Structure formats: C-alpha cells, structure tokens
Amino acid sequence: MAWALAPLALLGVCLPLGIGVFVARSAWPALAEIGPLAFVTSGAWSPTSGRWGMGAMVAGTVVASAGALLLAAPVGLGVALHLRLVAGRREAAVVRGALGVLAGLPSVVVGLAALLVVVPAIRSVAPPGLSVLAAVITLAAMVLPTLAIGADAAFAQVDRGPVAAAHALGLAPVDVARGVLLPLAAPGLRAVGVVALARALGETMALLMVAGNTVAWPTSPFVSFRTLTGGLAMEMAYAGSLHRAALFVAGLLLLGLVSAVALGARR
Amino acid sequence: MRHRLFAVATRACAVGIVAMLVGIVGLLARDGLAEVDLAFLAEAPREAGRAGGIGSLVVATIGVLAIGIGVATPLGLACAVWLAEYGGGRWALRSALDVLAAVPSIVYGLVGMAVFCEGLGLGWSLWSGGLTVAVMILPLLVRLGEEGLRAVPDSLRTAGAALGLPRWRLLLKVLLPEAAPAFAAALVLATGRVLAESAALLLTAGSSLRMPDGPGSPGRVLALHVYTMAVDVPGGSARAAATGLVLVAVIAACSALATRAPALLLRVRA
C-alpha cells in the first residue's frame, strides 16, 4: 500500500512548489526585459505605454486588507467571547449556525450586497461610491466569519482548568476574558488573524465589484482604486506576451506575500 | 457597570452577525425572489442573461463540480491516508498543504489557465476549470480526511495487527469505513467551496453562456454569473440577485448537510 500512496503524497508536496516555480517562470520574461526595479520606480501602471509601476495596486491590496482586518477583528473577537462567556446554549447555536452560512457565502454574493447597499450609501456622501471605504467594509464582512469561528475555536482549545478556576473564584465574564481567556488563547488568535489576512490579501471578485478599479493610490477613503488581484482578473484575458508576464509578476508578488504570511503563522 | 457593558457589547457583535446574514439573504430575496421559478432554473439565458434562465450555467457548474470532486477525492484520500497512517516526510506534505490552502484563488486561476488551458491544450473548458478547483480543494480534503482517520481508535489498529491482518486490508476493511463519515463531511464542504468559486473559474472555464456540449467546451459557472450580471450587464442586478439566491440556498444546504452527514452516515451503517 505504501508504494502506491507515496507517489500521490509526493504529488501533494510538489503541487505548491510547482505552482511557485510555474508562476516564477511565467513572470521571468518581464523580470528580465523590464527589470524588477521598473515595477517599483516607473510610477504609473499603463502596460500599453510601457509603464509598469505596481506600487498603487500593492498599496491598494495592503490598505484594503489591513483596514478590513482592523475593522473586523474587534467584532469577531466580541462574537467569540459572547459565545464562550455570555450566550446561552440556544443563542450560541443560532450564532454559530449563522457564522457557518456566512463563511460559506460566495464572495460575489457579499460583493453584490455591498454594491446594492454600501456603495450607494457612500456615494450619497462622497461620490463615486466605488471606493477604498466600500472595499474595506466588504472585505471586513468577508473575513468576519473566519475571524469569529477561528477565535471561537482558539478559545475552545484553551486549557479548561484556569478558566474553570476563574469562574469558581466568582470573576465576572469581562475579567475572565481579560485575565485568563485572551492571554491563554493569544497564540491561537494570532494564527487566526493570519489566516484571515491571507484570505483578505487574495480576495478578488468582491473587491472588483466595489473598488471602482481605476489604478490610483488609495490616498483617501473615498477614491476608487484597484488591487493586485483585481488587476489580474481584469487584464489577464486580453494581455499580450510582455503584459502577461508582468501580470505573472503581480501573481508572484501575491503568492510570496501570502506564503510568507501562512508559513510565518505556523510557529 | 463594566460587566453590563461587556455583556451588551459582545451581544451587539453576535446580533450583528445574525443581522448581517439576514440582511444579505433578505436583500437577495427582495431583488431576486420574484425571478426564481422552475423555468428560471431550466431555461437557457437570453439577451446576455437579462431574460431566460440559468439552465446552461447550472449544467456548467455541475460539470466543473463533478470533475473537481472526481479528481480531488482519490488524491486527497491518498494524501490523508499517507499523513495519518504512514507518513514519511510529513512535515513537507503539511507545509505544502498549508501553503496550498493560503494560495489566493486568482493565482490558482492564473496557473490553471497557463497549465491546463494552454499547456495541456484544454482551452477554456469545464476540464480546465474542474482540474483547477480540484487542486484548490485538495488541502481541505486532506486536512479533514486526516483528522477523520486520526479519530479512529488505535485499538482497532492493534487488534488488526494482532490478527495478522495485512496493513492494506486493515486500511480498506476497517480504517477507511470508520473514517467514511469524516470524508463525507469533507466532500460536502468542498462542494460548497467549489460552488462559491468565481475568480479561478473566470480564467479557466471561461464566461460563455452557451450550453456546454461536453467537458471540453467552455461554460460560465453560477457564481461568475452573479458577478457578470451585477457589473457588466446594465439592468442585470435582479438576475444577479436571483442567481445568488439559488447559489446561497444550495451552499447553505451543503453546510447543513456537512454538519449532519456524519450522524446520518452512522445511522445508515448501524
């Protein structure tokens, strides 16, 4: 049996390596011809006129993801604490059920809801509505279930003893949370944050729906902008050879960012 | 006071979650429910999707799903068995799967497009899309499958060894059937993941509204249809909501099934 399984397991190991090598190889013509520095220094992104600056898109990806995480993390933590310390059995079951369904929602559905509600609301304050703020809110809604479910699981893994002792001492839930649960679950919580961050960095379609997709630096919450992933999805279908290789550079960047985040979280 | 504040604040977060779900589904229902009927599910789309139904998209979605699950299941099962029962190079396989799990779906799309569509000459097709999502759901299948196998008590393994059962027979006759409910749950979850996917399939399965002739022809999946109708087709937002509603109903059913599947399977076997 082992002889039959080993090649398949080996294939499993090779797949991510294969993906990395493949994306790197496809990006190579651009790195060789345009030079890696040009992606940083040439300011604007305008492949048709030979300008390859990815700074604005990278900034868009980072700002949207960081903003979403900052917005969603306290709420996700609040939900998980509520499930552990405050909610009754039935209430917890309802909330966990809702989280399960939310986590499985297609990103396009969240994007559609944001397009119908969030974007018009922002437009009425500061046009055009398709904006950094809309993207941050959409992305926050998408990572919120991941964060809440993950935090709930991290709390579940905390040693029962100290928590039970804290309850037995008559500590109020808020003190159990601050003094016992949060410190003990900290490593797990950090890992959850990283998973959510990786998800946010890679999200494509929902952001495509609400970001407006003009290549611009995210200088204010109300400007429209484009993420790395959005650029890939929009341009890949029609890109010529060098442009295409440049898009693979963007893919490589994304892959590097996310793998670093994922492997960094393992310790 | 502080304690009241804590309870109120965390409850607000929890209520917010439920409200968000109700809000999103309510929005889809408000805009789309009137459009959904049997004809909508069965008919081919007309006028870029503004009229007609989603019949050909349902077929494309099922095709991609069948190929994806069909390819990923044996591979995932093998990796899970390797990790739980044999395990040379466990660290390497686990790291590999952790990275695979974090790879953004659009990057899967890029690679799928270059490898399956162009490298293997499959073009934009259900094959390319299915193979791409197969790689994408692999980490999920392996992780849950491995957990399922690990949950099988060691006493069964030692009993098998004591009886002189060859390892492969122990695996096929005892361990895999014991872990079957976990695999079933993993498959249902993976189904939900595939149904929700749009970015990777935009680049690999294409965006054609025509009824696929077979696995070699392109097709637009339902999730991508939601995007296209909402963004690219003026006046398509009701259709986007209707398609989204159908999709969410199926995915919610999957997630409910995934939590029930182990219990149901156990009952069937008992």
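Visitor: What share of the 267 residues of chain A count as buried?
Guide: Welcome! This is a predicted model. A residue counts as buried when its relative accessible area is under 20%. For chain A, with its 267 residues, the share that counts as buried is 53%.

Visitor: How many helices and strands does chain A have, and in which pattern do they follow along the sequence?
Guide: The secondary structure of chain A comes to twelve helices and two strands. Read along the sequence, these elements give the pattern α-α-β-β-α-α-α-α-α-α-α-α-α-α.

Visitor: Among contacts in chain A between residues at least 6 apart in sequence, what share joins residues at least 24 apart?
Guide: Picture the C-alpha atoms of chain A in a box of roughly 70 × 65 × 30 Å along the principal axes. Now take the contacts between residues at least 6 apart in sequence. Those that join residues at least 24 apart make up 72%.

Visitor: Let's turn to helix packing. Are α5(B) and α6(B) parallel, antiparallel, perpendicular or oblique to each other?
Guide: Two packed helices are described by the angle between their axes and the distance between the axes. Helix α5 (residues 105-119) of chain B and helix α6 (residues 126-150) of chain B have axes that come within 9 Å and cross at roughly 135°. Angles over 145 degrees would count as roughly antiparallel, and 65 to 115 as roughly perpendicular. The pair α5(B) and α6(B) is therefore oblique.

Visitor: Which residues of α6(B) meet α5(B)?
Guide: α5(B) passes α6(B) in a right-handed crossing. The residues of this contact divide into six nonpolar, five polar and no charged. From α5(B) come B:S105, B:Y108, B:G109, B:G112, B:F116 and B:C117. Their partners in α6(B) are B:S128, B:L131, B:T132, B:V135 and B:M136.

Visitor: Is the crossing of α12(A) with α5(B) left-handed or right-handed?
Guide: Helix α12 (residues 241-264) of chain A and α5(B) have axes that come within 9 Å and cross at roughly 135°. α12(A) and α5(B) are therefore oblique to each other. As for the hand, the crossing of α12(A) with α5(B) is left-handed.

Visitor: How many charged residues are in the contact of α12(A) with α5(B)?
Guide: On the α12(A) side the contact is made by A:R244, A:F248, A:G251, A:L254 and A:L255. On the α5(B) side stand B:I106, B:V107, B:L110, B:M113, B:A114 and B:E118. By class, this contact has eight nonpolar residues, one polar and, to answer you, two charged.

Visitor: Which helices hold A:D175 and B:R2?
Guide: The structure holds twelve salt bridges over all chains. In one of them, the side chains of A:D175 and B:R2 meet at 2.9 Å, N to O. This pair joins two chains, because A:D175 lies in helix α9 (residues 173-202) of chain A and B:R2 in helix α1 (residues 2-32) of chain B.

Visitor: How many residues apart are B:R157 and B:E85?
Guide: The side chains of B:R157 and B:E85 meet in a salt bridge of 2.7 Å, N to O. B:R157 lies in helix α7 (residues 154-162) of chain B and B:E85 in helix α3 (residues 55-86) of chain B. This pair links distant parts of the chain, and its separation is 72 residues.

Visitor: Is B:D154 buried or exposed?
Guide: The side chains of B:R157 and B:D154 meet in a salt bridge. Both residues lie in helix α7 of chain B, three residues apart. B:R157 counts as buried at 17% relative accessibility. With a relative accessible area of 54%, B:D154 is exposed.

Methods: Residues numbered from 1 in each chain as written. Chains lettered and ligands numbered in written order. Predicted model: local features only at pLDDT ≥ 70, side-chain atom pairs only at ≥ 80, totals over all residues. Heavy atoms only, no water. Axes fitted to C-alpha atoms, helices over the stretch in contact; angles between N-to-C directions. Helix = DSSP H or I, 4+ residues; strand = E, 2+ residues; numbered from the N terminus. Parallel < 35°, antiparallel > 145°, perpendicular 65-115°, else oblique. Left-handed = near helix turned anticlockwise from the far one by under 90°. Contact = heavy atoms within 4.5 Å. Nonpolar A, V, L, I, M, F, W, Y, C, P; charged D, E, K, R; others polar. Salt bridge = Lys/Arg side-chain N within 4 Å of Asp/Glu carboxyl O. Buried < 20%, exposed > 50% of the residue type's maximum accessible area, 1.4 Å probe, protein only.
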